[in-house]
Amino acid sequence: MEREKIFKIWLSTVKGIGYKSFVQLMEFFKTAEGVYKAKEIDIFKAIGNRKLVQNIIEAQKLNPFDYIERLQNSKISVYTLEEEEYPKELKNIYDPPPVLYLKGNINLKDNLCIAMVGSRNATFYGKQVAQKLAYELSERGITVVSGMARGIDSFSHIGALKGRGKTIAVLGNGINIVYPRENKKLMEQISEEGLLVSEFPLDSPPLPQNFPLRNRIISGLSLGVVVIEAGIKSGSLLTAQFALEQGREVFAVPGNITSAYSRGTNELIKQGAKIVIGVEDILEEFNLREDVQQKIEENLMSSLTEEEKEVYDFICEAPRDIEEIAGYVKIKISKVNAILSSLMLKGMIEKLPGNKYEKKIF
């Protein structure tokens, strides 16, 4: 790891350092190592905040290389904002984290992502919808982003893992801290099959002020945000607001008008958020974006078995019935039925009158 990157990581661990103060210090001292070696009076000239200055002075007593060793031993990757590997979508928001911690499948950071958020005190309906939508998005090769909280977040992650396993959990604490405790197994599964992301240094506790900051990353990684259940003062509405500010799409699942958990989502719909009653309502919003459609198709094709690819390619040429398909690929009709069901579930083909199947336009 480059020396300057090590000191940038050190600087990001200083208590109270955010995007603005990080940039101010870098502009004044030119390098993070310069901050590490700076005198108190010069640091004050750079930021003018006595408390933050004292935090930096205290942090100068620490060995940055010891911290890097901890990260490497825990198999945690770290990217700074200037690096090419930093998530592309996130890099373009107003206040991207100067340093980002990741653990798991690093390739997911630049995947096609949709965020799903909602109430911690979710109803059975909300949990059911979250799991279903996440599963169907995951089956189509889309990565589901959420915040690992109780309720809607957890069931969004669970649904995605039951699909093709692509999910990103953005944490409001250090990446080595399990929160909430009941999500220990879920967090372990995501670190193995999906991706954990945090801007907070190791050992950072889940403080209340961390979660609004986390929400801007959830929306920043994604093309759009789906709000499933939310009270009128829910933090999920803050995520939706971040999404609008970042130029992302906002979707909302309608709910019972007598339920307090649906007041926020129903209000979003009144304000113009797109109603979601099925996964197609999310996907069709991106129909005019060729780059998105190409990614969806590429993701789906990479998930197919050889037999599914053969059936799909045959159907792409022209609408086919089951007998034609079975004869062409030389597979039993019962197996063809299973393959067709899988392709329909992934949204790649659709059934026509007369029991024929054709390619579905993404």
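Please keep in mind that the model is predicted. The protein has 362 residues, and 54% of them count as buried. Its fold includes 18 helices and 12 strands. Among contacts with a separation of 6 or more, 68% join residues 24 or more positions apart. Here are some whole-protein values at a glance:

| Property | Value |
|---|---|
| Box filled by the C-alpha atoms, along the principal axes | roughly 80 × 50 × 35 Å |
| Accessible surface | about 17300 Å² |
| Distance between the centres of the positive and negative side chains | 6 Å |

Carbon and sulfur atoms account for 51% of that surface. The charges number 48 positive and 48 negative side chains.

Now for the inside. In soluble globular proteins, nonpolar side chains tend to be buried together. Here the largest nonpolar core holds 43 residues, and Met116, Leu137, Val226 and Leu340 touch the most other members. Several elements give two or more residues to this core, including strand E3 (113-117), helix H9 (152-162) and helix H18 (333-345). Helix H8 supplies the largest share, 5 residues. Because domain 2 (103-285) and domain 3 (304-359) both contribute residues, this core lies between them. Another core, of 31 residues, lies apart from it, with Leu90, Leu102, Ile217 and Ala252 among them.

Take a closer look at Val226: beyond its sequence neighbours up to four places away, Val226 touches residues including Met116, Leu133, Phe251 and Ile282.

Is Thr143 buried or exposed? Thr143 is buried, with a relative accessible area of 0%. This residue sits in strand E4 (residues 143-146). Leaving aside neighbours within four places in sequence, the contacts of Thr143 include Leu108, Cys113, Lys166 and Ile168.

Note on methods. Residues numbered from 1 in each chain as written. Predicted model: local features only at pLDDT ≥ 70, side-chain atom pairs only at ≥ 80, totals over all residues. Heavy atoms only, no water. Core = buried A, V, L, I, M, F, W, Y, C linked by side-chain atoms within 4.5 Å. Buried < 20%, exposed > 50% of the residue type's maximum accessible area, 1.4 Å probe, protein only. Helix = DSSP H or I, 4+ residues; strand = E, 2+ residues; numbered from the N terminus. Domains from an automatic or database assignment. Contact = heavy atoms within 4.5 Å. Areas by Shrake-Rupley, 256 points an atom, 1.4 Å probe, with all protein chains shown as cover. Lys, Arg positive; Asp, Glu negative; His and termini not counted. Charge placed at Lys NZ, Arg CZ, Asp CG, Glu CD.
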